[in-house]
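Subject: Structure handover

Hello,

Here is the structure I promised to pass on. Please open it next to this email and follow along.

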Amino acid sequence: MTKPNTAHIQLLQARLLDEQREIEKRFSENDHYGLANSLRDTTGELSTIDNHPGDVATELYEREKDVALHEQEELHLNRIEAALTAIADGTYGICKTCNEPIPLERLDAVPDTLYCIEHAPRQHLSLRRPVEELFLEPPFGRTSMDEHDSYNGFDGEDAWQIVEQWGNADSPATSENRDVADYEHVGIEAFENDGFVESIESFLATDITGRHVSVIRNREYKNYLESDEGDHGLEADLEDQHL
Ligand SMILES: [Zn+2]
């Protein structure tokens with residue numbers, strides 16, 4: 001293991017300063033990877049509003065790449081600055097964790113390191129997440145009231161169901177629900193009762209006196225009989241009345 005001498009440190013310092021200049025030059029030349037420009041300028045479109053999102057997918061991908069590259073360069077720059085500071089205060093070449101000299105070969109390979117190989121901090125994934133994610137998990141975020149037993153009102157999920165009636169990207173074949181046979185029922189909780197709790201409420205009707213009961217043979221009624229629900233006595237009565 002060779003400890004770096006002053007001349008060698010000066011050589012490494014020159015390399016670090018070179019790298020630092022290069023990154024700063026790249027930042028100024030390409031305008032922070034074009035991140036300072038609006039997406040509209042880079043697509044050449046007059047507006048991105050009335051276009052299908054797919055139209056700007058390439059630009060979006062490029063922009064995401066720019067953000068990642070920019071972040072990477074920023075990180076590199078921070079490391080270089082820390083190494084230069086260490087050179088200035090005489091702690092360069094000494095591992096910050098174990099205080100042992102860092103092998104010269106390692107410094108040559110990674111001049112911006114402040115750690116020996118055993119104590120090199122693990123590379124972490126970026127913690128920068130889009131703020132929208134806070135609201136996407138659980139589904140429908142803070143507006144979903146399904147978990148609250150006491151709440152029966154209109155919530156975010158209901159709003160989604162209304163919008164979803166106009167179509168989504170699912171097909172009956174790809175639906176999570178195995179009972180789905182047509183596009184009508186692709187949406188989430190498409191089978192849920194709308195406007196009533198028990199299905200019997202949706203097909204039994206009375207006149208204004210409340211004494212004469214009639215049955216409306218709607219889909220719920222059919223499902224009710226087919227799924228063998230409720231009281232079979234009722235079924236017989238219905239037949240007797242020739243309804
Ligand atoms: Zn160490």
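This is a predicted model: local features need pLDDT of at least 70, side-chain atom pairs count only at pLDDT 80 or more; totals for chains, interfaces and linings use all residues.

First, a term: helices here are DSSP runs of H or I with at least four residues, strands are runs of E with at least two, and both are numbered from the N terminus.

The protein averages a pLDDT of 79. A score of at least 70 is reached by 76% of the residues. Helix α4, residues 104-109, has the highest mean pLDDT among the elements, at 92. Helix α8, residues 232-240, has the lowest, at 54.

Now the overall layout. There are 8 helices and 2 strands. Read from the N terminus, the order is α-α-α-α-α-α-β-β-α-α. The protein has 243 residues, and 7% of them count as buried. Take the contacts with a separation of 6 or more: 40% of these come from residues 24 or more positions apart.

Next, a helix pair. How do α1 and α3 pack? Helix α1 covers residues 6-29, and helix α3 covers residues 57-88. Their axes are 10 Å apart, at an angle of about 150°. Angles over 145 degrees count as roughly antiparallel, so α1 and α3 are roughly antiparallel to each other. Their crossing is left-handed.

Which residues make this contact? From α1 come Ile-9, Gln-13, Leu-16, Glu-19, Gln-20, Ile-23 and Arg-26. From α3 come Glu-73, His-76, Leu-77, Ile-80, Ala-83, Leu-84 and Ile-87. By class, the contact of α1 with α3 has 8 nonpolar, 3 polar and 3 charged residues.

Phe-27 also lies in helix α1. Is Phe-27 buried, partly exposed or exposed? A residue needs 20 or more C-beta neighbours within 10 Å to be buried, and 12 or fewer to be exposed. Phe-27 has 15 inside 10 Å, so it counts as partly exposed. Phe-27 and Glu-74 are 47 residues apart along the chain, with their C-alpha atoms separated by 9.4 Å.

What is the phi of Asn-99? The value is positive, about 60°, although Asn-99 is not a glycine. Asn-99 has 9 C-beta neighbours inside 10 Å, so it counts as exposed.

Best wishes

Technical notes:
Residues are numbered from 1 along each chain as its sequence is written. pLDDT is the predictor's confidence in each residue, from 0 to 100. Axes are lines fitted to C-alpha atoms, for helices over the stretch in contact, and angles run from 0 to 180 degrees between N-to-C directions. Angles under 35 degrees count as roughly parallel, over 145 as roughly antiparallel, 65 to 115 as roughly perpendicular and the rest as oblique. A crossing is left-handed if the near helix is turned anticlockwise from the far one by less than a right angle, and right-handed if clockwise. Two residues are in contact if their C-beta atoms, placed from the backbone, lie within 7 Å. Ala, Val, Leu, Ile, Met, Phe, Trp, Tyr, Cys and Pro count as nonpolar, Asp, Glu, Lys and Arg as charged, and the others, Gly among them, as polar.
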